[in-house]
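Subject: Structure handover

Dear colleague,

Please find below the structure that I am handing over to you.

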Amino acid sequence: MKNKRSRSVFFNCIKKSRAVLIAYLVMAVIFLAVFLLYEIPMEPVFYVIAILGFIGLAAFFIFYISETRTAAKRERIRNGILTEWMNFQDPSSLEEKDYQEMAQTLGRKIDEMTAAFNMERQDMTDYYTTWVHQIKTPISVMRMKLAEQDIEENHALSIELFRIEQYVEMVLQYIRFNSETNDLVVKEYSVDDLVRESIRKFAPQFIYRKLSLDFKESHQIIVTDKKWFSCMLEQVFSNAVKYTPEGGVFIYAEGETLCIRDTGIGISTEDLPRIFEKGYTGINGRMENKSSGLGLYLCKKAADKLGIKITVESSPGKGSIFRFDLSQQEY
């Protein structure tokens with residue numbers, strides 16, 4: 001890339017110097033013609049042409065070095081234009097000055113728009129964060145009321161209330177992902193403890209839907225962030241419960257890989273490459289009409305945040321297996 005840039009600078013110097021080069025050649029031809037017409041010895045002319053050519057080459061070399069330095073500075077400004085747009089070198093012509101002023105006007109406008117956007121985004125983040133925390137209070141009250149009577153109808157309502165709480169938590173997680181702050185709190189945890197904690201949240205769902213749960217302890221210890229690791233697990237558990245009409249969920253380890261397998265409806269082959277895209281619901285989501293297209297997107301974002309690689313195997317009618325490689329964590 002540097003060689004290509006150097007060649008571009010070299011040919012640009014030749015282009016800028018072509019008027020001088022043409023003038024030199026024209027003058028050399030004129031001198032040669034005059035000396036030939038008057039039958040004057042040619043040796044002095046060749047000396048003069050050679051000396052002028054040498055001076056011209058030296059001048060071109062100095063010009064090339066100057067242009068190379070200038071081009072390097074322009075390249076630095078170009079690569080960091082959003083922060084370097086005020087650091088242009090002094091213009092060498094009116095045309096260059098006009099272009100610099102246009103770039104600086106655009107730079108100031110971008111700064112103004114960026115500041116306004118950041119302010120609006122912060123206002124929106126503050127609003128939704130407040131909303132999420134406020135909505136949790138009536139959810140807690142409703143859960144307490146539903147727990148007062150142990151009847152089938154209340155069990156069904158509790159399940160739907162749990163789904164509402166999940167969606168509310170999803171809003172908060174989505175806001176945190178788009179925040180510029182790094183909220184990771186990295187500590188050493190037992191994978192089994194983190195899995196159990198997430199399972200407890202979904203226990204009523206498993207019981208209500210009559211799904212079995214087979215959890216084999218892995219005895220793994222990882223260094224991770226508890227909140228985002230739980231977010232990752234819970235999104236997969238949520239999908240497993242949602243799309244498993246019968247059978248159950250199996251949690252086990254393969255070496256340093258945590259596996260979560262369900263006996264659900266599975267994922268079609270054409271949907272598999274896109275299941276982690278934001279807003280993509282796939283055939284199952286459209287048929288069931290209960291997918292937001294954000295769950296697995298958040299799962300993948302959480303895994304990326306923690307340096308965990310996810311792979312998925314699935315086929316329609318045979319369930320899915322989500323594998324989390326816990327051996328390659330990078331922060």
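The notes below cover the sheet, one of its strands and the nonpolar cores.

This is a predicted model, in which local features need pLDDT of at least 70 and side-chain atom pairs count only at pLDDT 80 or more, while totals for chains, interfaces and linings use all residues. Residues are numbered from 1 along each chain as its sequence is written, and side-chain values use heavy atoms, with hydrogens and water left out.

The sheet

Five strands make up an open sheet of mixed pairing, in the order β2-β4-β5-β7-β6. Strands, like helices, are DSSP runs numbered from the N terminus (strands: E, at least two residues; helices: H or I, at least four), and two strands pair if DSSP finds at least two bridges between them. At the edges lie β2 (212-215) and β6, each of which pairs on one side only. From one strand to the next the twist averages 15 degrees. Helix α6 packs on the sheet and touches β2, β4 and β5, with its direction at about 175 degrees to that of β2. Such angles run from 0 to 180 degrees between N-to-C directions, the axes being lines fitted to C-alpha atoms, for helices over the stretch in contact (heavy atoms within 4.5 Å).

Strand β7

β7 pairs with β5 in the antiparallel sense over six bridges, and Ile260 stands opposite Phe322 of β7. The pairing of β6 with β7 is also antiparallel, over six bridges; here Thr311 stands opposite Arg323, and Ser320 is the bridge partner of Ser314. Five residues lie between the strands in the hairpin of β6 and β7, where Gly317 takes a positive phi near 80 degrees.

Six of the six residues of β7 are buried, so the strand is largely enclosed by the rest of the structure. Buried means under 20% relative accessible area, exposed over 50% and partly exposed in between (1.4 Å probe, protein chains only). Ser320, Phe322 and Phe324 point one way, and Ile321, Arg323 and Asp325 the other.

The nonpolar cores

A nonpolar core is a set of buried Ala, Val, Leu, Ile, Met, Phe, Trp, Tyr and Cys residues joined through side-chain atoms within 4.5 Å. The largest has 41 residues, of which Phe229, Leu258 and Phe324 touch the most other members. Elements giving two or more residues to this core include α5 (152-177), α7 (226-242), β5 (257-262) and β7 (320-325); the largest share, nine residues, comes from α7.

Leaving aside neighbours within four places in sequence, Leu258 is in contact with residues including Val191, Phe229, Ile251, Phe322 and Phe324. A second, separate core has six residues, among them Val132, Ile139, Leu161 and Val168.

Yours sincerely
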